[in-house]
Amino acid sequence: MTATTESLMLPQTFKFTSAEHGAFIDGTETAAGVSTIDTLDPATGRVITTIAETDNETVDRAVESAARAFEGEWGTMLPARREELLHRFADLIEENAAELAQYDALEGGKPISHVESVDLPLAVEQFRYYAGWPTKIQGATVPVSTSDTHVYTRRIPLGVVAAITPWNFPLCQAAIKLAPALAAGNTVVLKPSELTSLSSLRLAHLAIEAGLPAGTVNVVTGTGAGTGQALVSHPKVAKISFTGSEATGRHLGAEAGRSLKHISLELGGKNPHIIFADADIAKAAAYAATTAYFYSGQVCFSGSRLMVERAVLDDVLSAVEEHADALVLGHGLDRSSTMGPLSSATHREKVERYLNTVSGTGATVAFGGSRAKESGYFLEPTAIVGPADTDPVVAEEIFGPVLVIQPFDSIEELVPRANSGQYGLTAGVWTRDARKAHTVARQLQAGTVWVNTYADYNAAAPFGGFKNSGFGKDCGPAGLDKFLDTQTVWMSLA
């Protein structure tokens, strides 16, 4: 694989490269505590900047600011005006796309071409889609079996939303949470991952520039155990919206249960990507490689478990390896890069521990499996062939550039195996037989099933998982519903 430049000069337009960054509260960035966290470039290991570990007092200020905005200007704003401001917010994201892309490429290590072609359009799409909703949120008249009575419902916002986003899609995930929450009339305190905070801080500045009232969008930076815990346990937070690991999701679910907060969780996935012998093998294998190694496999819906009908196993493996060999590992800001590093040294070590479990299981490492480049947290794209369904590399989410490939011989065997895992986020099916496609898709325990494609995503189409992949949907009307409650009004006409 071709190595690229180890060290790149930052563009002159790049901001947030030297100063410490605090929380964004009530329309301005502010000091947030006594301790700071270094933000590292995962492609080099160098410090980019520092962010605040927002303390409890500052978190309280952020929530209080959001509560005032909810009870005040944002909460009482006419729906048409809210639509206008959200469209302006989307305009500003587009106008500042180059700057925003640099933040996510540098902090996350994702190739900037991917950020520009995937993350940014999805973020804008979220705001465009949900900007159209405020004037369309409606209640209903209820035909109750009681005389001289008029009953109707109202759809009302929940209040202050604690939105907690992961490091792999900082900008996009912030938009996925902010856009529907704001469209529904809520206010938000956003806590991004401590690894990737800069684009979220910039979004908060753009919200004010767009005309959203101070306090409508607040950002608190820091760790989950510190800042995140203070946020989700705050008594004025009405709703927790979280995307991240299953372990943290379980903790937040317990926290929400104790305080009876609304909660939605989008967690992990070990997603079966199924190729039948009658599929377009070249196209299916290309998608298999792309989805397994996109963003170094650090994607919840990655097609990380490739299940291939035995007759075409060798052909698929050969094609996947060819695509993997063509990847260019390098810095996120290098436009020749097509695959970046893992997010941190700790995360790379975790992925390597999974690779170490393969020895003695009967499975084989077909290619990859080693560190790449002298600096940064790079790992070669890897394929493991033939692991058992119960092996850790199959049963657990690795979250790295590791594709496990398993043969199958029949639908009757395939479906129970594909459903045997703890997750149920996504799945993919490749076949030219429409009947087979429908038969398998309806039996798969996955929130999204792609047929003869993979990883398509749109703001209008609900996305979310079953089983340990969480509950509550992003996108579409369902993505709005989770930020609304229903009030029923009974009026006696007697």
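I count a salt bridge where a side-chain nitrogen of Lys or Arg lies within 4 Å of a carboxyl oxygen of Asp or Glu. I note at the outset that the model is predicted.

**Entry 1. Salt bridges**

I looked up Arg81 and found a salt bridge with Glu84, the closest N and O atoms being 3.0 Å apart. Both residues belong to helix H3 (residues 79-95), where a spacing of three residues separates them by about one helical turn. I record Arg81 as partly exposed at 37% relative accessibility, and Glu84 is also partly exposed, at 48%.

I then turned to Arg88, which forms a salt bridge with Glu95; here the closest N and O atoms are 3.2 Å apart. Arg88 is partly exposed at 31% relative accessibility, whereas Glu95 is exposed at 54%.

In helix H9 (residues 246-259) I examined Glu246 and Arg250, which lie four residues apart, about one turn of the helix. Their side chains meet in a salt bridge with an N to O distance of 3.0 Å.

I asked how many residues of strand S9 (residues 187-191) are buried. Five of the five are buried, so the strand is largely enclosed by the rest of the structure. Thr187, Val189 and Lys191 point one way from S9, and Val188 and Leu190 point the other way; all are buried.

Strand S8 (residues 160-164) is joined to S9 by five bridges, and the two strands run parallel. I located Ala163 and found Leu190 as its bridge partner in S9. Between S8 and S9 the chain passes through helix H6 (residues 170-183), and I record this β-α-β crossover as right-handed.

S9 also pairs with strand S10 (residues 217-219), in the parallel sense and over three bridges. In S10, Val219 is the bridge partner of Leu190. The unit made by S9, helix H7 (residues 198-210) and S10 is a right-handed β-α-β unit.

**Entry 2. An open antiparallel sheet**

I traced an open sheet of three strands and wrote down its order as S6-S7-S25, with antiparallel pairing. Which strands are at the edges? They are S6 (141-142) and S25 (484-492), each of which pairs on one side only. S6 and S7 (residues 149-157) run antiparallel and are joined by two bridges. Within this pair I found Val142 opposite Val151 in S7.

**Entry 3. Cysteines**

I searched for disulfides and found zero in the structure.

Cys300 counts as buried because its relative accessibility is 13%, and Cys475 counts as buried at 2%. The limit I used for buried is under 20% relative accessible area.

Terms used:
Residues are numbered from 1 along each chain as its sequence is written. This is a predicted model: local features need pLDDT of at least 70, side-chain atom pairs count only at pLDDT 80 or more; totals for chains, interfaces and linings use all residues. Side-chain values use heavy atoms; hydrogens and water are left out. A disulfide is a pair of cysteine sulfur atoms within 2.5 Å. Buried means under 20% relative accessible area, exposed over 50%, partly exposed in between (1.4 Å probe, protein chains only). Two strands pair if DSSP finds at least two bridges between them. A crossover is right-handed if, with the strands pointing away from the viewer, the path from the first strand over the helix to the second runs clockwise.
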